[in-house]
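Me: I would like to go through this model with you, starting with its pockets. Please have a look at the structure below.

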Amino acid sequence: KPVVFEQEFFPEDMLINESLPFTVQVDEEDSSVFIVEGPRIEKMLGYTNLESEKGFNFFQKFMKSSGAIDRLEELGIEEGDTVKMYGLQFDYYK
């Protein structure tokens, strides 16, 4: 008689949730610090050379096209505020 086992591993659970490309939140301790995280942001940071002007411009365009900049502005970011992403931080200027 054959033995039937239940599935224990579901590959779809390992896929990145593209419907939530990022989250933006205000730091609880400092309201001038904004934290941006998410799988697409992390992936983009992983293969973009931010030390080159071309790479940094590419990343800025990605942030704008993904809606992250709009979300930061909705939360009240102002010029000179800090944006943190996975160990990196930037000052926001329009």
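Me: Which element gives the most to the lining of the largest pocket?
Reply: That is α2, with 5 residues. Helices (H or I, at least four residues) and strands (E, at least two) are DSSP runs, numbered from the N terminus. Please note that this is a predicted model, in which local features need pLDDT of at least 70, side-chain atom pairs count only at pLDDT 80 or more, and totals for chains, interfaces and linings use all residues. Residues are numbered from 1 along each chain as its sequence is written, and side-chain values use heavy atoms, with hydrogens and water left out.

Me: How many residues line the largest pocket, and which lie nearest its centre?
Reply: The lining has 15 residues, and Q60, I69, D91, Y92 and Y93 lie nearest the centre. Two or more lining residues come from each of α2 (53-66), α3 (68-74), β3 (82-85) and β4 (88-91). On a 1 Å grid over the protein atoms alone, a pocket is an open set of points where a 1.4 Å probe fits, with protein on both sides within 12 Å along at least five of seven lines; lining residues have an atom within 4 Å of a point.

Me: What is the volume?
Reply: The largest pocket has about 370 Å³, taken as the space filled by probe spheres set on the grid points, which are joined across faces, edges and corners.

Me: Changing topic, how do β3 and β4 run, and how many bridges join them?
Reply: β3 and β4 run antiparallel, joined by 4 bridges; strands pair if DSSP finds at least two bridges between them. V83 stands opposite F90 in β4. The two strands form a hairpin with 2 residues between them, and Y86 in the turn has a positive phi of about 45 degrees.

Me: What about β2 and β3?
Reply: These run parallel, with 3 bridges. I35 has K84 as its bridge partner in β3, and I35 is also the partner of Q25.

Me: Which residues have the most contacts inside the largest nonpolar core?
Reply: They are V36, I41, F59, M63, L72, V83 and M85, in a core of 19 residues. Such a core is a set of buried Ala, Val, Leu, Ile, Met, Phe, Trp, Tyr and Cys residues joined through side-chain atoms within 4.5 Å, where buried means under 20% relative accessible area with a 1.4 Å probe, protein chains only.

Me: And what is F59 in contact with?
Reply: Leaving aside neighbours within four places in sequence, F59 is in contact (heavy atoms within 4.5 Å) with M44, L45, T48, L50 and M85.

Methods:
Buried < 20%, exposed > 50% of the residue type's maximum accessible area, 1.4 Å probe, protein only.
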